[in-house]
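These are my notebook entries on a single model. I set down what I looked up and in which order.

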Amino acid sequence: MSYPKIAGLKTASAFRSHTDALGIALPLDDTVETGPDAPLARPLEAGGRRIGNRFCILPMEGWDGETDGRPTDLTRRRWRRFGESGAKLIWGGEAVAVRHDGRANPNQLMLNADTLSEIASLREDLVAAHAERFGDTDDLLVGLQLTHSGRFSRPNEKKRWEPRVAYRHPLLDPRVGVVDDGPVLSDDQLDRLVDDFVVAAKLSADAGYAFVDVKQCHGYLGHELLSGFDRPGRYGGSFENRTRFFRDIAAGIRAEAPGLEIGVRLSVFDFSPYRPGEEGVGAAEQSVEYRYAFGGDGTGVGFDLEEPSRYLTLLQEHGVRMVCTTVGSPYYNPHIQRPASFPPSDGYLPPEDPLVGVARQIDATRRLKRDHPGLLLVGSGYTYLQEWLPNVAQHVVREGWVDSIGLGRMVLSYPELPADVLAGRKLVRKLICRTFSECTSAPRNGMISGCFPLDQFYRDRPERELLARALGKGAADPAQ
Ligand SMILES: Cc1cc2nc3c(=O)[nH]c(=O)nc-3n(C[C@H](O)[C@H](O)[C@H](O)COP(=O)(O)O)c2cc1C
Ligand code: SF4
């Protein structure tokens, strides 16, 4: 199955005809405005802090830290480029584990007393890079994403799962080698983990971060607990119990680091796990009566935002002013999470035009924003829009569907896209991410992440050839 290439949709009306044919709402503006009053240039405010424009850099890890959790030069380069992007909101930089057993890979950053100064210097490097390029940093807001990887923990060996799960899951357990209740975290163990999050949040404040993101997305522990409908005890079953983990962390942060803002990156809906079906095209493992999706409609392939919306109300009651919306998980349903033309090596061919996935995320965020106008919402999943990203972004911001446009893969290949858009410069076509997924496939094959096809720095690295070999093909041709 193949879908029309975005680069082939040469005009806004060609783009519109295509989305009309797909039957999806993905409106866009014909032209992108510039100047201080342009929709994407207007400032925002959160907790008394000014955010200078409507672009946000989403967290993206590089599987490139030291084994003791400190950043390397590769990590520093990525963060500096985030600073040079021109975006005024940095949502967490990348996932940082609050303790060793919760690391998604042996090279994930980890925050503790030993790594504090280096995690602090990452922020300083980013702010310095931003200052060099743009001068003003008073309107730049930088947070740190805190996580425990739960089911998807691999703290010691790149290829060995060491899962810590919220509950037994009939479809996901076999994928990560859960065969008995051993990996299920007890209530007491979760109590201790709450304390670890609070300690890490306090360290984040000491390191100068304006906010922490208590990560609850992508199938990691904070997200999985929200769907622990069958879990017994204090952390499972009722809405109150499933949200206890966050509530206790928030209360601890308020007590220990009162000036620190709390943000939440939330998978606002989830689907069933997918796997390659006929001719490698993704198929839902369960498409009726799937009961493990937070924000799911019970089918495994649809969403119902009633409970996620209730959760946003709860977050607001606990002082959260900013939420970054995302969906699903890159491990078991990547096509809804990061729509792409080319699947990651452990994925499957797209079962729908990737624009459908983009529109689904935009639509869910629009509905949540409508019901929570006072919450600052950052959206995700825009990269697949490629040339049309600025036009769609301007439209959805202008219409108030979302407050800030989160950028993921696009800034790995083209970090200065926000600055170029805001200045009215023509986009640099050869840098536009074409969703080759190599930044995901490389770590799936035990390597560092990076934009191997389009970023000259990674094109020149030996991993590019190794990756091409692992994928059984020549290195991706950016002209494709
Ligand atoms: C290489 C890579 C690393 C990522 N790391 C993180 C991460 O550390 N934390 C997180 O919340 N999301 C992570 N993501 C997901 C992105 O933040 C984003 O949600 C996703 O790429 C979809 O946005 P996009 O379409 O702009 O790429 C990662 C994505 C990629 C491609
Ligand atoms: S490797 Fe580069 S082009 Fe491919 S998806 Fe990642 S950022 Fe985009």
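Residues are numbered from 1 along each chain as its sequence is written, and chains are lettered from A and ligands numbered from 1 in the order in which they are written. This is a predicted model, in which local features need pLDDT of at least 70, side-chain atom pairs count only at pLDDT 80 or more, and totals for chains, interfaces and linings use all residues.

**Entry: confidence.** I checked pLDDT, the predictor's confidence in each residue, from 0 to 100. The protein chain has a mean of 96, with 98% of its residues at 70 or more. Over residues 475-480, however, I found pLDDT below 50; beyond near neighbours in sequence, this stretch has 12 contacts in the model (a contact means C-beta atoms, placed from the backbone, within 7 Å).

**Entry: strand S8.** I looked up the pairing of S8. Strand S7 (residues 141-147) pairs with S8 in the parallel sense over 4 bridges, and Leu146 has Val214 as its bridge partner in S8. S8 also pairs with strand S9 (residues 261-267), in the parallel sense over 3 bridges; here Asp213 stands opposite Gly263. In a regular strand the side chains alternate between the two faces of the sheet. I therefore looked at both faces of S8 (residues 211-214): Phe211 and Asp213 on one side and Val212 and Val214 on the other are all buried (20 or more other C-beta atoms within 10 Å of the residue's own; exposed is 12 or fewer, partly exposed in between, with C-beta atoms placed from the backbone).

**Entry: Ala200.** I located Ala200 in helix H5 (residues 187-206). Ala200 counts as buried because it has 26 C-beta neighbours inside 10 Å. Leaving out residues up to four places away in sequence, Ala200 touches Val98, Leu111 and Leu146.

**Entry: positive phi.** His218 has a positive phi of about 65° and is found in the loop between S8 and helix H6 (221-226). Glu289 has a positive phi of about 45° and lies in the loop between strand S11 (282-284) and helix H9 (306-317).

**Entry: ligand shells.** I counted a residue as near a molecule if its C-beta atom, placed from the backbone, lies within 6 Å of it. Around ligand 1 there are 24 residues, of which Leu58, Ala95, Thr383, Gly408 and Arg409 come nearest. Helix H13 (409-413) and helix H15 (438-444) each supply at least two residues of this shell. By class, the shell has 10 nonpolar, 9 polar and 5 charged residues (nonpolar is Ala, Val, Leu, Ile, Met, Phe, Trp, Tyr, Cys and Pro; charged is Asp, Glu, Lys and Arg; the others, Gly among them, are polar).

Around ligand 2 there are 14 residues, of which Cys433, Phe436, Glu438, Cys439 and Cys451 come nearest. H13 and H15 are the elements that give two or more residues to this shell, and the largest share, 3 residues, comes from H13. The shell around ligand 2 has 8 nonpolar, 3 polar and 3 charged residues.

Methods: Two residues are in contact if their C-beta atoms, placed from the backbone, lie within 7 Å. Two strands pair if DSSP finds at least two bridges between them.
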